[in-house]
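Please look over the sequence and the structure shown here before reading the briefing, which is written for someone new to them.

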Amino acid sequence: MASKITAPADYKTEMMLEANRRAHEHGIDLSKLPQLLDMNADTITDNVHSINANCPDDRMKFVFKHLIQHLHDFVRETSITTEEWMSALEFLKDTGKMCSDIRHEYILLSDVLGVSSLVDSLNHAKPPGATEACVLGPFYTEDAHVFQNGDSIASEDKGDYMYVYGKVTDTSGKPIPGAIIDTWETDGHGLYDTQYADRAEPDCRGRLFSAEDGSYAFRAVVPVSYPIPSDGPVGKMVSALGRHVFRPAHLHMQVDAQGYEKLTTAFYPRGDPYLYSDAVFGVHSSLIVDLQPVTDKELSLKRGFKDGKPHMELKRDLILATPEEGLAARKKSMPAVKQE
Ligand SMILES: [Fe+2]
């Protein structure tokens, strides 16, 4: 239990008065705080809750109460040693060191622990008929070039050709023009552009807009399965846990249109050996797609593929939910959490 509130005996000294004056500038009265002394495993948790009880932001107070409770329970339940806790903090420090403008190691950490998938499934539940969401992953970047429909997001020799097309619509099938479509993928070597040390500009990623009839189309390469980066602390942790580090091949897409919920998703070609053991828990059965081979030379030429070479075709409509439809779906997915 938290200690009883009692003002210290020397509260009236000059030093204490000055300290209290400074505390008042932050809306805090030192004399009304619980006296934090002699903390131990039985008292520390309630006392941390108690000292946070004046937080003016109710949501923040609620989230931190649960965060602290679970962290403290974790320490108690595992009897974690000082050395183990220090190595965990070192791990977090190393994870931070791997982050840059084009690499977010903490997203990767969240992904491999299943937290991204959990947050995503609670927050981005979709109504029936809408395209399901899945994890963003750590390889999205802001600097993608803008393309016209039909352009290629991949430079030449980046992999086997793929043509992607479909329509952006609402759940009733009404076309949505002007939707911003961001897409990114690995090249044929299983690497994102950001994983090349000599990356000069974005590749195998692009931004385009749906046409008046909602249609979109672009040329790309067939994505391939790949290991999550093993040069950082997260990849090493996954290996240490006895897991494989592979993601099945996928094409990321993010769709943003006025009046609709932003959709972050990805499409996973059927047949990939890692489809059912994704290192980041991202695959949903509704997002597994069948790529169709196209050998018609004229069609290949018309689509802009060099020498009319054969390619794979991915036809997929992107169906967006309105905020109202999304809210109704989330009400079903969110557990009834009592907000104290
Ligand atoms: Fe990815």
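Which residue takes a positive phi in the hairpin of E7 and E8? In that hairpin, which has 6 residues between the strands, Gly259 takes a positive phi near 90°. The structure is a predicted model, in which local features need pLDDT of at least 70 and side-chain atom pairs count only at pLDDT 80 or more, while totals for chains, interfaces and linings use all residues. Residues are numbered from 1 along each chain as its sequence is written.

**Overall form**

- The secondary structure of the chain comes to 9 helices and 12 strands, where helices (H or I, at least four residues) and strands (E, at least two) are DSSP runs numbered from the N terminus.
- Along the principal axes, the C-alpha atoms of the chain fill a box of roughly 90 × 45 × 35 Å.
- The chain has a radius of gyration of 26 Å, whereas a compact globule of 340 residues would have one near 20 Å; the radius is taken over C-alpha atoms, and the globule rule is 2.2 Å times the number of residues to the power 0.38.
- Buried residues make up 27% of the 340 residues in the chain, a residue being buried if 20 or more other C-beta atoms lie within 10 Å of its own, exposed if 12 or fewer, and partly exposed in between, with C-beta atoms placed from the backbone.
- Among contacts between residues at least 6 apart in sequence, 69% join residues at least 24 apart, and two residues count as in contact if their C-beta atoms, placed from the backbone, lie within 7 Å.

**Domains and annotations**

- The domain assignment gives domain 1 (14-78) and domain 2 (114-332), with bounds that come from an automatic or database domain assignment.
- The C-alpha centres of domain 1 and domain 2 lie 45 Å apart.
- An unreviewed UniProt entry places "domain: Catechol dioxygenase N-terminal" at residues 57-131; UniProt positions are given in the numbering used here, feature names are shortened, and annotations may be inferred rather than shown by experiment.
- Residues 57-131 are 72% helix and 0% strand, and the end C-alpha atoms of the span lie 35 Å apart.
- The unreviewed UniProt entry also gives "domain: Intradiol ring-cleavage dioxygenases" at residues 137-297, a span that is 6% helix and 31% strand and has its end C-alpha atoms 36 Å apart.

**Helix H5**

- Because 7 of the 8 residues of H5 (residues 105-112) are buried, this helix is largely enclosed by the rest of the structure.
- The buried residues of H5 are Glu105, Ile107, Leu108, Leu109, Ser110, Asp111 and Val112, and they pack against helix H4 (82-97), helix H6 (115-123) and helix H7 (233-240).
- Leaving aside neighbours within four places in sequence, Val112 is in contact with Ile228, Val234, Val238, Ala279 and Val280.
- H5 is followed by Gly114, which has a positive phi near 80°.

**The largest nonpolar core**

- This core has 48 residues, and those with the most contacts inside it are Val112, Val168, Ala220, Val255, Ala257, Leu318 and Leu320; a nonpolar core is a set of buried Ala, Val, Leu, Ile, Met, Phe, Trp, Tyr and Cys residues joined through C-beta atoms within 7 Å.
- The elements that give two or more residues to the core include H5, H7, strand E1 (161-170) and strand E4 (215-221).
- The largest share of the core, 5 residues, comes from E1.

**Strand E1 and its partners**

- Since 7 of the 10 residues of E1 are buried, E1 is largely enclosed by the rest of the structure.
- E1 and E4 run antiparallel and are joined by 7 bridges, with Tyr165 having Ala217 as its bridge partner in E4; two strands pair if DSSP finds at least two bridges between them.
- E1 runs parallel to strand E11 (residues 311-315), to which 4 bridges join it, and Met162 stands opposite Met312 in E11.
- E1 also runs parallel to E12, with 3 bridges between them, and Val168 stands opposite Leu318 in E12.

**Strand E8 and its partners**

- With 6 of its 7 residues buried, E8 is likewise largely enclosed by the rest of the structure.
- E7 and E8 pair in the antiparallel sense over 5 bridges, and His252 stands opposite Ala266 in E8.
- E8 and strand E9 (residues 288-289) run parallel, joined by 2 bridges, and the bridge partner of Tyr268 in E9 is Ile288.
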